[in-house]
Amino acid sequence: MIKIGIIDDEVLARKVLEEYCSKINNFQLVLSTGNPLEFINFLQQNEVDLIFLDIEMPELNGMEILRSMINPPKVILTTAYSEYALESYNYGVVDYLLKPIKIERFLKAIHKIESSKLKEFKKNNSTEELQIKHDGVPVNISFKSILYIQSFGNYLKIFTDSRMYLISETLINITTLLSDNFQRTHKSYIANLGRVTKATRSYVLIEDHKVPVSAMYKIVVFKKLEVLNKNV
């Protein structure tokens with residue numbers, strides 16, 4: 001899940017962004033406030049992946065907040081004024097939304113976030129490791145050691161040779177993090193096909209684990225297994 005913060009002193013503007021964010025499946029709104037100081041205190045104690053940041057606010061404006069953050073989350077600026085646009089990009093701002101914000105423009109900004117994440121994911125793939133956070137601690141897991149991944153509510157269970165990791169993420173997002181050996185086999189499962197020792201119509205066997213294969217994914221799973229076996 002992508003953890004979202006909204007900082008805007010206009011109540012109506014916050015409500016609009018809250019509604020838009022609720023339409024994005026992998027967004028989790030963790031803070032919505034009109035108080036910049038409340039946001040800064042929250043950020044010191046909590047993880048936030050993306051913030052929608054208003055510029056014109058009392059006490060502390062959005063540009064001042066940007067300048068004060070050492071390792072900021074990704075930022076999308078929201079404002080009724082365009083004069084800060086050029087300066088904002090010096091701080092790595094993802095996008096600059098002019099109010100009133102229309103849903104089409106909001107979605108375009110979200111697409112930029114997804115594109116940015118995909119580039120990071122591809123970079124991650126080149127290391128042959130999956131980089132996750134487990135209990136707030138960064139962990140690198142070798143692709144080869146991963147057996148399969150199971151959806152578990154708003155979390156994922158990553159089963160490896162040595163242990164199981166529980167992380168807050170979606171199957172859709174983590175698929176882009178993985179190497180080509182991994183394949184969705186079921187609405188709730190991703191399997192490392194490079195570790196499969198037996199395949200049937202209803203499951204693949206990895207070590208002593210039976211990972212289900214649904215009708216929707218059966219054809220692509222078997223085609224991919226056939227290619228992998230030819231390359232062995």
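Student: Which residues does D54 touch, not counting residues up to four places away in sequence?

Tutor: Please keep in mind throughout that this is a predicted model. D54 has its place in strand β3, which covers residues 50–54, and its relative accessibility of 1% puts D54 among the buried residues, for which the cut-off is under 20%. When residues up to four places away in sequence are not counted, the residues that D54 touches are I7, D8, D9, G62, T78, T79 and K99.

Student: How many helices and strands does the protein chain have, and what share of its residues is buried?

Tutor: The C-alpha atoms of the protein chain fill a box of roughly 65 × 35 × 30 Å along the principal axes, and the chain contains seven helices and 15 strands. Of the 232 residues in the protein chain, the buried share is 45%.

Student: How many aromatic pairs are found in the whole structure, and what are the distance and angle for F52 and F106?

Tutor: Searching the whole structure gives five aromatic pairs. One of them is formed by F52 and F106, and this pair is stacked, with 5.6 Å from centre to centre and 25° between the planes.

Student: Why does the pair of F52 and F106 tie together parts that are apart in sequence?

Tutor: F52 belongs to strand β3 whereas F106 belongs to helix α5 (residues 103–125), so the pair ties together parts of the chain that lie 54 residues apart in sequence. Both F52 and F106 are buried. Ring pairs also link these two residues with a further one into a cluster, whose members are Y20, F52 and F106.

Student: Why is the pair of Y148 and F159 stacked?

Tutor: The ring centres of Y148 and F159 lie 4.5 Å apart, and planes count as stacked when they are under 30 degrees apart, so the pair is stacked because its planes meet at 15°.

Student: Where in the chain do Y148 and F159 lie, and are they buried or exposed?

Tutor: Y148 has a relative accessible area of 9% and is therefore buried, and F159, at 17% relative accessibility, also counts as buried. The two residues are eleven residues apart, and their pair links distant parts of the chain, with Y148 in strand β8 (residues 146–152) and F159 in strand β9 (residues 155–160).

Student: With which residues is S145 in contact, leaving aside its neighbours within four places in sequence?

Tutor: S145 is placed in the loop between β7 (137–142) and β8, and with a relative accessibility of 19% it counts as buried. Leaving aside the neighbours within four places in sequence, the contacts of S145 are F159, T160, D161 and R195.

Student: Is T197 buried or exposed, and what distance separates its C-alpha atom from that of D208?

Tutor: T197 has its place in strand β13, which runs over residues 196–199, and because its relative accessibility is 60%, T197 counts as exposed. T197 and D208 are eleven residues apart along the chain, and the separation of their C-alpha atoms is 9.5 Å.

Technical notes: Residues numbered from 1 in each chain as written. Predicted model: local features only at pLDDT ≥ 70, side-chain atom pairs only at ≥ 80, totals over all residues. Heavy atoms only, no water. Helix = DSSP H or I, 4+ residues; strand = E, 2+ residues; numbered from the N terminus. Buried < 20%, exposed > 50% of the residue type's maximum accessible area, 1.4 Å probe, protein only. Contact = heavy atoms within 4.5 Å. Phe/Tyr/Trp six-rings, centres within 6.5 Å; stacked < 30°, edge-to-face > 60°.
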